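User: I have not looked at this protein before. Could you walk me through it?

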Amino acid sequence: MKKIIKTRKYLPYIFTLLFVSLTNNCLANESSQHHRKNSYSSKITTNFGPGDHYQHEMHIDISKFKKVADISKKADDLPNPLNRNKPKKVVLVLEAVEVISKIAPNIRYHYWTFNETVPGPFLRVREDDTVELTLYNNKSSSHSHAIDLHAVTGPGGGKSVTEVEPGEMKTLTFKATTPGLYIYHCAAGNPATHIANGMYGMILVEPKQGLSKVDHEFYVMQGELYTKQRLGKKGFQKFNSRKMIDERPEYIVFNGKRGL
Ligand SMILES: [Cu+2]
């Protein structure tokens, strides 16, 4: 990060850095109906949020998931400014895909993603656009997934109409009424677990008058990975819900993995 800032002296630019907070104030507990049989074990609590006793342990066959060489979204991989005077209909398609990729060399993790990168695609629309967003859930997924866009006004930011089981797809249509830069994230089951595993990104709703011209724009998001094994341990890393509840990440990453 520091390196990027130092070498980009031709500021200003839009720097989209988001600190993903994985705290106890998330929305719901894992529900057994959102999982494939025998792929997990969860201890359900009745209080709001995951609660101190939340447990989630995956039992997956990693050979059944797609291998992705580089999970990291490139910081300069985002759409250009829109330069449009009028609103229009924008069609977006996202796919929830669970993959195996590397936090660092020889350190593998079962990432849950939008479109196979962390963060997911940078979405860019204009104020008053009508956005039609389709969410697919890859049939290989171990969980149901959904999308909650903070640019959307309505139940769960769209989560309530986009929750999809493996192999399903659903479409949400919304009007981008309020300009701003917003997070989107999966909100199925226990949202903190889905976010921790990589299901987040950003949506920019450009104001009608557009944004000031800049030399460069970058897309960088911070995430935290809660692995059962300690930092630096080689091999496949399992998710540890206890560390997530306690907010004790083993890895703090930018765009999904350790920098090289
Ligand atoms: Cu999800």
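Analyst: One term before the rest: two strands pair if DSSP finds at least two bridges between them. Note also that this is a predicted model.

User: Fine. In what sense do E7 and E12 pair, and over how many bridges?

Analyst: E7 and E12 run parallel, with four bridges in the pairing. At one place Leu-123 faces Ile-203 of E12.

User: Which sheet do E7 and E12 belong to?

Analyst: An open sheet of four strands, ordered E7-E12-E11-E9, with mixed pairing. E7 and E9 (148-149) are the edge strands; each has a single partner strand, so one side of each has no neighbour in the sheet.

User: Let me back up. How many helices and strands are there in the protein?

Analyst: The protein has four helices and 15 strands. It has 260 residues, and 37% of them count as buried. Of the contacts between residues at least 6 apart in sequence, 72% link residues at least 24 apart.

User: What pLDDT does the protein average?

Analyst: The average pLDDT is 85, and 79% of the residues score at least 70. Residues 1-34 are another matter: pLDDT stays under 50 there, and the model has 70 contacts beyond four places in sequence for that stretch. Where pLDDT is low, predicted coordinates should not be read in detail.

User: Leu-135 is in E8, I think. Which side chains along E8 point to one face and are buried?

Analyst: Those of Val-131, Leu-133, Leu-135 and Asn-137.

User: What about E5 and E8, in what sense do they pair?

Analyst: Parallel, over eight bridges. Leu-92 sits across from Leu-133 of E8. E8 is also joined to E10 (residues 169-175), by seven bridges and in the antiparallel sense. There, Tyr-136 has Met-169 of E10 as its bridge partner.

User: Back to Leu-92. Is it exposed, partly exposed or buried, and why?

Analyst: Leu-92, which lies in E5, counts as partly exposed because it has 17 C-beta neighbours inside 10 Å, and a residue needs 20 or more to be buried. Apart from neighbours within four places in sequence, Leu-92 is in contact with Leu-123, Val-131 and Leu-133. The C-alpha atoms of Leu-92 and Thr-171 are 9.5 Å apart, though 79 residues separate the two along the chain.

User: New topic: the backbone. Which residues does a cis peptide bond join?

Analyst: Val-118 and Pro-119, with omega at about -10 degrees. Pro-119 belongs to the loop between E6 and E7. For background, most peptide bonds are trans, and most residues other than glycine have a negative phi.

User: So what is the phi of Asp-128?

Analyst: It is positive, about 75 degrees, and Asp-128 is not a glycine. Asp-128 is found in the loop between E7 and E8. With 16 C-beta neighbours inside 10 Å, Asp-128 is classed as partly exposed.

User: And Glu-247, what is its phi?

Analyst: Also a positive value, about 55 degrees, and Glu-247 is not a glycine either. Its loop lies between H4 and E15 (251-254). Glu-247 counts as exposed because it has 12 C-beta neighbours inside 10 Å, and the cut-off for exposed is 12 or fewer.

User: Last one. Where does Lys-86 lie?

Analyst: In the loop between E4 (66-67) and E5 (89-104). Lys-86 is exposed, as 8 other C-beta atoms lie within 10 Å. Its C-alpha atom is 8.5 Å from that of Asp-128, which is 42 residues away along the chain.

Note on methods. Residues numbered from 1 in each chain as written. Predicted model: local features only at pLDDT ≥ 70, side-chain atom pairs only at ≥ 80, totals over all residues. Helix = DSSP H or I, 4+ residues; strand = E, 2+ residues; numbered from the N terminus. Contact = placed C-beta atoms within 7 Å. pLDDT = per-residue confidence, 0-100.
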